[in-house]
Amino acid sequence: MIENSFNRRDFLKVLGWGGATVALSGCGNTSVEDGKEFVTSYVQTADYIIPSIGTYFNSTCAQCDAGCGIMGRVREGRVLKLEGNPKSSINNGKMCGLGQAGVQAHYNPDRIREPLLRNGNKGEAITWEKALALINEKVGGVKAENVAFLTGGVSGHVKVLLKNYLDALGSGHHYVYEAVAPSIVRAANKKAYGVEMPRLRLDKAKVILSFGADFLGAWISPVHFSQQYAHFRKADNGERGVLVQVESKMTLTGANADRWLAIRPGTEGIFALGLINALAAAGLSVSGDVAAVVKEYTTDRVSKDTGVSTEHIGKLAALLKERSPSLIIAGSAAEGYAHGSQNATAIALLNQVLGNVGKTVEGSSSIPFPQMAPTTGNRLALQTLNDNMAQDKVKVLFSYGANPVFTAPVSMKLKENLKKVPFKVAFAHYMDETAVEADLVLPLNSALEDWGTVMPEYIAEGAQLNIRQPLMEKLHPGTLGMGDILLALLKQHRPDEYKGYEDFYSYLRNAMVSNKGALGGANADDDTFWEAALSHGVVKLVGATVNISSHVPANGLVVPAPFVEDSTYPLHLIPAVSASLRDGRNANEPWLQESPDPLTTIVWDSWVEMHPKTAAKLGIVEGDIVEVASKSGAIKAQVYVFTGIHPDVVSVPLGYGHEAMGRYAKGVGVNAFKILDPVFDKETGELAMHETRVKVSKAGHRVIIVKDEGPAGGKQMGRKIAVRMSSDKVNLSKEV
Amino acid sequence: MEKDIREDIAWAQINKDVLKSLESPRRLYWVILLIALAMISVAVGCEIYQYTTGMGVSNKNNSHVWSLYIATFIFWIGMSHSGTLLSAILHLMHADWRKPIYRFAEAMTTFSLMTAGLFVMVHLGRLWQVYYVMPYPNERWVWPNFQSPLVWDMFAIATYLSSSVLFLYVGMIPDLAICRDNIHAGWRKKLYTVMSLGWEGTDRQWRNFRVTYLTIACFLIPLAVSVHSIVASDFAMSNMPGWHVTSFPPYFVAGALYSGCAAIITLFIILRYVFRFEEYMTLPIMKKLVRLTFAIAMVWTYLNLIEFASVWYGHDQTAKDQLIFKATGPYAPFFWAMIFFGSILPLMLAFKRFQTHLPILFVVSILLNVGMWLERWMIISPSFAHGHYPWTWDHDQWPSLVQWGIVFGSFGWFTLLFMVFCKVFPSVSMYEVKEMVYHRSLALKHKPAVKGDY
Amino acid sequence: MSITNLLENWSDFRQQHPSDDRPHREYKWAMSIDLDSCTGCNACSVACYAENNLPVVGKVKFSHGHSHHWIRIERYWDNDGREFADQGAQFLPMLCQHCESAPCETVCPVGATNHTADGLNSQVYNRCVGSRYCNANCPYKVRYFNWYDYPTTDNVWPEPMNQQLNPDVTVRGKGVMEKCTFCVQRLTVAKSNARTEGRLVLDGEVQTACQQVCPTGAITFGNLVDPLAKVGKQWMTQQVELNKDKQAKNEAEEAAKLRGYRILEELRTYPSVMYLEQLRESAI
């Protein structure tokens, strides 16, 4: 039987609210003297606790899918701040702002605190017993094939239990959905290198050419890449790497590039082939079939097609030829377009031609425990689920780690199809848009109060198993960890197998300890091994390096001609992924809303980025509210004019425009996901995110944009503030 | 040459005329008093709102940390120089024409200072701890920071206020004795008896009085100059572009005298009309006052031009940018209004036609003061809008209604104090007017005799 | 209140600006920020919010200019009128420079901001009366005023978010000025621990929150007096001297090869934060 409160180990029983009093009484709002607050002194503390001195516990961040290790500062039973775990090879003790906001996700006032059952338009609180019994009842009453589980990316022991539960039900319908995922890149990588996510060695490259991959901001594992980037910019021998970014809309990485090239949307593949042509012309040896493919992509033609000047193409080719190894990365170039796979292939071909494969594109480590290896998500999964729902094939739907009602384009009619599902269960932290539609909402522990293991998709150095352990006692007695929920559900269906486990913690511990040999703890006793695993927060795995091959299929590579302008919808919409908001899952964390967007410095609202030429043509100035309309829908937002975007493109950030979820997210900005057109990558069937065409018209009024920059914008007005010098004038090896 | 005052006014007549102003007020007085109280309550309401909610309601922000409160504070300090100018400076210069008008000017000084002091408190984020600025005994042995111009302000204004009150009071003693002797029994008689300190007008008392009065006047003149110089150093000692100007102390003093004189003109016209003081506050005196105002206006204009020129021909690009911004940016209308009201408008005071035309002078004097208020504001807000660091510029900040409410209310507070003063104390110095009449009659001894009692 | 005490300690009470015959004794905290490594990700800004109990002011107050980020990331363009920002942007983290000759310290009427013996510009919250003269005089405008009473304002620290507050740092009420303190709460603990062991703080033993979180390691912080500290070595290599407003290196030709500089140095604030110029590849 599941009980609401759990027995934790002793140290988690330490509970103290005294610290909060001390912090607040400094401002005179509460005071012990007034008798309004009570300072509880410990009668019997655990021996490592010294009041006023923090203890640090390691765990794993859950704010995005990179799986960085975190170290939580815990005082008097409360986690206060997160730092990076120095022992994790992913982030080596560093973190990003999104990770820092993990404490706000944990202490969020809008978290759901107890299970809720739908009654009309409201949710009524029920007990976990009733909730789980109800699930079993509903699941038992339908055929296995009509049960569906929609999740985000899953890994580790929760994935194992989830798989086992689905097996127990007899249903194989596990849809892994990620609204913003490099799924086309994965497929293209697999074809080109034999590996979905090769290890990228930015630190070894002398030149990085990134086609829209925002590796410093929101792409795959930004903290890890940032660390490699630091080394790339200032190698031990004083060499400085060159970053060139080619994209239609400037990302954070693009803002850090030595050269940012605005490219006509969709023509990245043409550009890559043009570079190969230029390299071949400059003397780099290329194989016959490759030469045949790139023959027509002369610099002049490529310049005309892409909009990049011949001078820049020439310089870039010269640079790539001269400085080796380089690294070419495919980012939004691939994810954005119906021919995204071809774009990615052309880019992989460029890597091959330059000899980067095996040098800066390496095989990653294999994972010795494939059942815990991450199952990554894509957008096609949601398509499939949506189709099934439309055909009434789904009778019971579970959703976990996904908010499809928010992220699905209107054209999918997902909300309507959801209504056809008679019983929907949402495992959620907030009453987000999907939870609002559900019949049963089950509140989850936050990542800082949960047990688990995590294996991120991108393997930074060697494979490692990241441990997630609670940094404090549960805030709300009514929440449960996903592991515990799955365990409880499994106990109904496979009691013999699971009844021995009191809770998920004991299951996890048992699973880890019984495999300690493979986890590097062969010589230690169980307790020592387990304590060490928890203390380090990561367990290094020994896995062979996967071989990487380079057999990019050059033959038959056809990159389509540049798009033709549509007179009704003349502009391309690029929905931007920001480092903080991403797909919107963290929109209710106020630090992130108040953290200015690095490029526009806008806070607490959406915006439409537009090039000055486009704005002038439409008679628009900064602050004008415009309607951005696609065939699928329209949104209204304020215009921000800047030169970091191609004139044929407008860009709206994703993650805003929540209609539910919480006080900091609701009503802030507009949801760009909604108006995406149903255009799909030909090879993978993934939603092509940049293929939406829009028209922009003034909606009537103008606002003053709320942003951090002032009227000077980005100008220094003749004052020596942010100074820049040319790299050939300085000798970095002489620096400390 | 017109005479400043008739030489044949009987001294008893002078007493009667001035004491008449102390009679029970007519209805208009109460109406205006009520309006003043209403204005004060607006200010009080705004201040309570600001006190409880936070300074943010004033619309000040990280760039514009100071706004109208400091501007109006300086404005009121400036206006306070009028009394000192008339009482003390012109006294030393033996300018008799000041005699009928310096009393209310002195009162104006005192009340301006009291109003300015309020703004210091309103401006602070934690006004309940304003006493930290003073060096009072405390167990932490903590002193205020003597390097800070605001602490100098505190000392200077406290000294100036106390000295002005003393000066006003001492100067009033003979008049209070007259009031005591000529008023019927009641609270007033008690008040005057106490306050006149047993003055009987003996020879010895008059001699002591003259010496005391002169001493305080001599003491007060450098004090007045230093007070506004110190207030100017709030800006001059800072490094903000547009503030870091060495000519600020004399510039501010000139501006202070200017706005003081303009205010005297305004009140002159009002009191002359309301209390029927035409015999005392005569048109020739007004003419002299107007000419003095014109002279000071030209001095102020000159110092203003010096400030602009030193920036324009200097090497400090930041200061130059700031000046151009002031003249062409969002604050430009107010800047040019200041130039117009402060430098162009007073030119009409050079013409005889306007020097005694009371309705025009009334409007013009008010506009001159508007100009001076704008001057203070234009020193503060444009410098914050366009300082050293471009990222922090804020060209779009305007004060909120809370600020305007408190500024507006301060005029009500001043009016209240002044109106109470006018009804409790003689607003024309009777003994000095008698002196003035006497001096005129002496001067005429060399001229053919004129009819009339002496 | 002792006049003798005041006069005796006057020279210790305030140094006008640093000089060679009155060098810092044990500690002088300083920072250097490498603009070529800074990516503008804003992690430092968020970490500072977490560490120092900074309130989130919300959209309306932000629009009025009441932003409250002790360290802010500024973003500059140098397009020169070109069609695109084709040389990227320049990111600059700006925080309190802890000037050795801080213009804010001289003008506070109540002495709420002072210079500590270890080289920090201190802000004493309970002494502050909120005259805001310090911010008026700060050329960098890195001081932030509590325009409202954030602890009692709705949705700033609603339950249970107030449990995240760092008990080592005061939560400020309205009317008080605040700014970056170089995480003085961490420095105090580190110094105290070191003193217990009879030594000075070692380089790397204490990190500011921004330094600790920065993914590229752009921020270096430490004790300028310590010869082994990285930050001191950086300042020396860059030939930037704390006590000078015109660096000797600027006269020499060699200056072109050194990246270190301080912002608005000509105002003679003697900041304790050195920036290393961003580089741009000349070949492309």
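Which residue of strand 23 of chain A is the bridge partner of A:Glu609? In this predicted model, local features need pLDDT of at least 70 and side-chain atom pairs count only at pLDDT 80 or more, whereas totals for chains, interfaces and linings use all residues. Residues are numbered from 1 along each chain as its sequence is written, and chains are lettered from A and ligands numbered from 1 in the order in which they are written.

The bridge partner of A:Glu609 in strand 23 of chain A is A:Tyr640. Helices (H or I, at least four residues) and strands (E, at least two) are DSSP runs, numbered from the N terminus, and two strands pair if DSSP finds at least two bridges between them. Strand 21 (residues 608–610) of chain A runs parallel to strand 23 of chain A, with 3 bridges joining them. Strand 22 (residues 624–629) of chain A runs antiparallel to strand 23 of chain A, and 5 bridges join these two strands. Here A:Val626 has A:Ala637 as its bridge partner in strand 23. A hairpin through 4 residues joins strand 22 to strand 23 of chain A. Of the 8 residues of strand 23 (residues 634–641) of chain A, 6 are buried, so this strand is largely enclosed by the rest of the structure. A residue is buried if 20 or more other C-beta atoms, placed from the backbone, lie within 10 Å of its own.

Chain A is divided into domain 1 (183–362) and domain 2 (571–702), with bounds that come from an automatic or database domain assignment. Taken over C-alpha atoms, the centres of the two domains are separated by 26 Å. Their contact takes 25 residues from domain 1 and 27 residues from domain 2 of chain A, two residues being in contact if their C-beta atoms, placed from the backbone, lie within 7 Å. On the side of domain 1 that touches domain 2, the elements giving two or more residues are helix 7 (183–193), helix 9 (252–255), helix 14 (332–335) and helix 15 (340–353) of chain A. That side has 12 nonpolar, 9 polar and 4 charged residues. Ala, Val, Leu, Ile, Met, Phe, Trp, Tyr, Cys and Pro count as nonpolar, Asp, Glu, Lys and Arg as charged, and the others, Gly among them, as polar.

The contact between chains C and A takes 76 residues from chain C and 85 residues from chain A. Helix 3 of chain C provides the largest share of the side of chain C that touches chain A, 7 residues. By class, this side has 33 nonpolar, 26 polar and 17 charged residues. Strand 26 (residues 724–726) of chain A and strand 11 of chain C run parallel and are joined by 3 bridges, and C:Leu279 in strand 11 is the bridge partner of A:Met725.

How values were computed:
A residue is buried if 20 or more other C-beta atoms lie within 10 Å of its own, exposed if 12 or fewer, and partly exposed in between; C-beta atoms are placed from the backbone.
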